[in-house]
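Student: I would like to learn how to read strand pairing and helix packing in a structure file. Could we work through one example together?

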Amino acid sequence: MTPGPTHVVRCPSCSQLGAYPTIASGNTFGAVYYTDGRRVAPMLPDTPSVVRCGGCSGVFWLESATEVGEYSPWGSDSESIDPTWTSAARLVEPEENQYVAALEQLIAAQPDKAKDARLFTWWRGNDQHRGSSPTVGKDSPEAVETRHHNMRALMGLLDTAEPIDQLMRAEVLRQLGEFELATKALTRHFPSQFDTAISRLLYMCARRDSTLQKL
Ligand SMILES: [Zn+2]
C-alpha cells in the first residue's frame with residue numbers, strides 16, 4: 001500500500017481545517033466482504049464520504065467542503081508545508097449515533113444522496129459486528145428502533161430494477177428478522193455473480209439468523 005497526499009479541507013460549518021489521508025495505490029489482499037455489502041480492505045482503506053469535524057463536531061459530505069490544499073506526508077518538502085495543515089485534526093467517519101443525529105441535515109444538503117446517507121448509517125451500525133474481535137454492546141430499545149427506522153427508510157430508496165439493490169433489500173429484511181420476506185426477495189432472478197451471496201443469505205434465513213456475517 002502506497003500512501004498518497006494528505007488533503008486539507010475547511011469545515012463548511014466552523015471553517016476549521018481538517019485533514020484526511022489518501023492511498024496512491026493499494027490492493028484488495030485480505031479484504032473481507034460482509035452480507036450488508038460493505039467491503040473492508042486493510043490494504044485499500046476507503047476514504048469516508050461523510051466526515052466529522054474535530055472543531056464543531058459537525059457532520060458533512062466531504063465533497064462539499066472547500067479543499068485548502070494537499071501535502072505529501074512523506075515528502076522532503078516538509079519544512080515548506082503550512083503548519084496549520086499538518087496540525088489539522090484528522091477527519092473521521094461519524095459513529096452510528098452521530099450519523100443518525102445528522103441524517104436530516106445530510107439529506108437536505110444532498111437530496112440525491114439520501115440512499116448513501118442511510119446506507120452509510122446502517123453500515124456504521126453494523127461495524128460493531130465486524131473484525132476479528134467485534135465489540136457487541138447491548139443497544140437500548142430506542143437505539144434499535146432508530147436503527148430499524150433507518151433500515152426501513154433505506155429500503156424505500158432502493159431501486160427495484162437493480163439486482164444489487166434488491167440483494168441489499170433482502171439483507172435489510174433479514175437483519176430486521178423478516179425472514180419470509182427476505183427469502184421471497186432472494187428467489188427472483190439474479191445474475192449468476194450473486195449466487196454465492198444468495199445461497200448464504202437463504203441459508204441464514206432458513207436458520208432464522210439475523211446477524212451480520214462474512215460472505
Ligand atoms: Zn466544524
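This is a predicted model: local features need pLDDT of at least 70, side-chain atom pairs count only at pLDDT 80 or more; totals for chains, interfaces and linings use all residues.

Student: How many helices and strands does the protein chain have, and what box do its C-alpha atoms fill?

Tutor: The protein chain has seven helices and 10 strands, and its C-alpha atoms, taken along the principal axes, fill a box of roughly 60 × 35 × 35 Å. Of its 215 residues, 25% count as buried, and among contacts with a separation of 6 or more, 61% join residues 24 or more positions apart.

Student: Which strands are joined to E2 by bridges, and how do they run?

Tutor: Strand E2 (residues 6-10) is joined to strand E9 (residues 66-71) by five bridges, and these two run antiparallel; E2 is also joined to strand E3 (residues 17-20) by four bridges, again in an antiparallel arrangement. E2 and E3 form a hairpin with six residues between them, and in the turn Ser15 has a positive phi of about 70 degrees.

Student: Is E2 mostly covered or mostly open?

Tutor: E2 is mostly covered, with four of its five residues buried. Thr6, which lies in strand E2, counts as buried because 21 C-beta neighbours are found inside 10 Å, where the cut-off for a buried residue is 20 or more.

Student: Which residues does Thr6 touch, leaving out those up to four places away in sequence?

Tutor: Thr6 touches Ala19, Pro21, Glu70, Tyr71 and Pro73 when those sequence neighbours are not counted.

Student: What describes two packed helices?

Tutor: Two packed helices are described by the angle between their axes and by the distance between those axes. In this model, helix H2 (residues 96-109) packs with helix H3 (residues 114-126) at an angle of about 175 degrees, and their axes are 9 Å apart. An angle over 145 degrees counts as roughly antiparallel, so H2 is roughly antiparallel to H3. On the H2 side the contact is made by Glu96, Tyr99, Val100, Leu103, Leu106 and Ile107, and on the H3 side by Ala114, Ala117, Phe120, Thr121, Arg124 and Gly125. Sorted by class, this contact has eight nonpolar, two polar and two charged residues.

Student: At what angle do H6 and H7 pack, and which residues meet?

Tutor: Helix H6 (residues 179-186) and helix H7 (residues 195-206) pack at about 155 degrees, with their axes 9 Å apart, which means that H6 is roughly antiparallel to H7. H6 passes H7 in a left-handed crossing. Phe179, Ala182, Thr183 and Leu186 in H6 meet Ile198, Leu201, Leu202 and Cys205 in H7, and by class this contact of H6 with H7 has seven nonpolar, one polar and no charged residues.

Technical notes
Residues are numbered from 1 along each chain as its sequence is written. Axes are lines fitted to C-alpha atoms, for helices over the stretch in contact, and angles run from 0 to 180 degrees between N-to-C directions. Angles under 35 degrees count as roughly parallel, over 145 as roughly antiparallel, 65 to 115 as roughly perpendicular and the rest as oblique. A crossing is left-handed if the near helix is turned anticlockwise from the far one by less than a right angle, and right-handed if clockwise. Two residues are in contact if their C-beta atoms, placed from the backbone, lie within 7 Å. Ala, Val, Leu, Ile, Met, Phe, Trp, Tyr, Cys and Pro count as nonpolar, Asp, Glu, Lys and Arg as charged, and the others, Gly among them, as polar. A residue is buried if 20 or more other C-beta atoms lie within 10 Å of its own, exposed if 12 or fewer, and partly exposed in between; C-beta atoms are placed from the backbone. Two strands pair if DSSP finds at least two bridges between them.
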